[in-house]
Amino acid sequence: MRTKTTKQNKINVVTLGCSKNVYDSEVLMGQLKANGKDVVHEDENDEGNIVVINTCGFIGKAKEESVDTILHYAQKKEAGQVDKVFVTGCLSERYKPDLEKEITNVDQYFGTHDLPNLLKHLEADYKHELIGERLTTTPKHYAYLKIAEGCDRPCSFCAIPLMRGKHKSTPIEELVIEATKLAEKGIKELMLIAQDLTYYGLDLYKKRALADLLKALVKVNGIEWIRLHYAFPTGFPVDVLEVMKNEPKVCNYLDIPLQHINTEILKSMKRGTTHEKTTALIKKFREYVPNMAIRTTLIVGYPGETEAQFQELKDWVEEMRFERLGAFEYSHEENTGAYNLEDDVPADVKFRRVNEIMEVQSQISWELNQEKIGNTYRCLFDRKDGEYFYGRTEFDSPDVDNDVIVNAKEHYIKLGEFIDIEIVDAGDFDLYGVPVKS
């Protein structure tokens, strides 16, 4: 008969928000594991008796989700189902005094730069020697690589500098070490992330060094795809396009949030560009790398946005025919430049404008996808769900872009492998294919 033993602490890390938060949670978990701690990520059975919530504080809906999650675990603590609750991340950085006052049943709140202090409260030591050591939470074949922290841009709608501080690049040699360790674990695809990829290197090397970083990363054995997320349009380094064109490992893909196209709105947003300059930049991208997939995001309902300015944006989306696009309603955020403006576009108008943009984009996406029928693409497969395998071309990032779908009843595909797929059908946002027999 088994005797009851004293239960060892298990730490459950819950991550909310963007890929930068995913990365930070992975670093935290790597540190905890190195300290001999039992750590899990978003344990579906909530087995952890200690909970660390990595929060998002970017816009209204994200803040609501973070607060709801904190309340959920605070109530579990009240009921004796968990022993301790710690909160970290962007919401905690931005609203710590308010949170401490309103949700008192949390053991401690930490900001975005408080990792050593958080570890101390988890009875662990911060180990400086663990460059690149993370417990990845993504599928085993791809991972995020955060190349910089913070942002120096003055965008009027954005609260990121309030939560993440000034831009700080990670040295190339450290990123190569991290990429090498990831490759040794079987990672084949790296998604480079930062608040602003375009600015990379200016603080360390006194020049924009994203192209230099890419040239170093493509030399890492085992890494086969490198994908660029979150570039800023103003001051975009053209030498990156040359690397993309000449290096097969660098995906012909760029995530570049443009936010709007009307020059007056862009000026109010403090984006440092105009309608004409933005259009010229997109044309330059397609001139250098003709088969590049460009992903962008747009904000509608910014203070003062007129129907005419919105129509200009909508017409421009039709003209540019972006491969990937998302539209979002403006969120009025405290302590940002735009907070001094009147949030004067009604909620129902914002909602309608988002839907109108996405209707245009759905048609564009459908038309572009039809052109792919009959073509063969090298695809990386992420998961099996029900009766289908789901993969991606180099033009698609996980979770946000198109899937390549293969019938699992008719074909077997090994997950995490590159396979040539012939596209036989296509919808608005998905491609359907069959493996090409070698």
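Tutor: Start with handedness. A crossing of two helices is right-handed if the near helix is turned clockwise from the far one by less than a right angle, and left-handed if the turn is anticlockwise. Keep in mind that this is a predicted model.

Now the helix pair. Helix H11 covers residues 275-288, and helix H12 covers residues 307-320. Their axes come within 12 Å and cross at roughly 15 degrees. Angles under 35 degrees count as roughly parallel, so H11 is roughly parallel to H12. The crossing of H11 with H12 is right-handed. Which residues of H11 and H12 meet? From H11 come His275, Thr278, Thr279, Ile282 and Arg286. From H12 come Glu312, Trp316 and Met320. By type, this contact divides into three nonpolar, three polar and two charged residues.

Next, the open sheet. Six strands build it, in the order E6-E9-E10-E11-E12-E13, with parallel pairing. On average, neighbouring strands here are turned by 20 degrees against each other, direction ignored.

Strand E11 (residues 250-255) joins strand E12 (residues 293-300) in the parallel sense through three bridges. Tyr253 sits opposite Ala293 of E12. Helix H1 (residues 19-34) packs on the sheet, where it touches E6 and strand E9 (189-193). The direction of H1 makes about 95 degrees with that of E6. Helix H6 (residues 172-184) also lies across E6 and E9. H6 runs at about 170 degrees to E6. Angles over 145 degrees count as roughly antiparallel, and 65 to 115 as roughly perpendicular.

E15 spans residues 388-392 and is mostly covered, with four of its five residues buried. Strand E14 (residues 376-385) pairs with E15 in the antiparallel sense over five bridges. Leu380 has Arg392 of E15 as its bridge partner. The hairpin of E14 and E15 has two residues between the strands, and Gly386 takes a positive phi near 65 degrees there. E15 also joins strand E16 (residues 403-407), antiparallel, through four bridges. In that pairing, Tyr388 stands opposite Asn407 of E16.

Last, two backbone angles in loops. Most residues other than glycine have a negative phi. Tyr230 has a positive phi near 70 degrees. Tyr230 belongs to the loop between strand E10 (225-228) and helix H9 (239-246). Asn335 also shows a positive phi near 70 degrees. Its loop lies between strand E13 (324-329) and helix H13 (347-370). Is Asn335 buried or exposed? A relative accessible area over 50% counts as exposed. Asn335 has 66%, so it is exposed. Tyr230 has 22% relative accessibility, so it counts as partly exposed.

Conventions
Residues are numbered from 1 along each chain as its sequence is written. This is a predicted model: local features need pLDDT of at least 70, side-chain atom pairs count only at pLDDT 80 or more; totals for chains, interfaces and linings use all residues. Side-chain values use heavy atoms; hydrogens and water are left out. Buried means under 20% relative accessible area, exposed over 50%, partly exposed in between (1.4 Å probe, protein chains only). Axes are lines fitted to C-alpha atoms, for helices over the stretch in contact, and angles run from 0 to 180 degrees between N-to-C directions. Contact means heavy atoms within 4.5 Å. Ala, Val, Leu, Ile, Met, Phe, Trp, Tyr, Cys and Pro count as nonpolar, Asp, Glu, Lys and Arg as charged, and the others, Gly among them, as polar. Two strands pair if DSSP finds at least two bridges between them.
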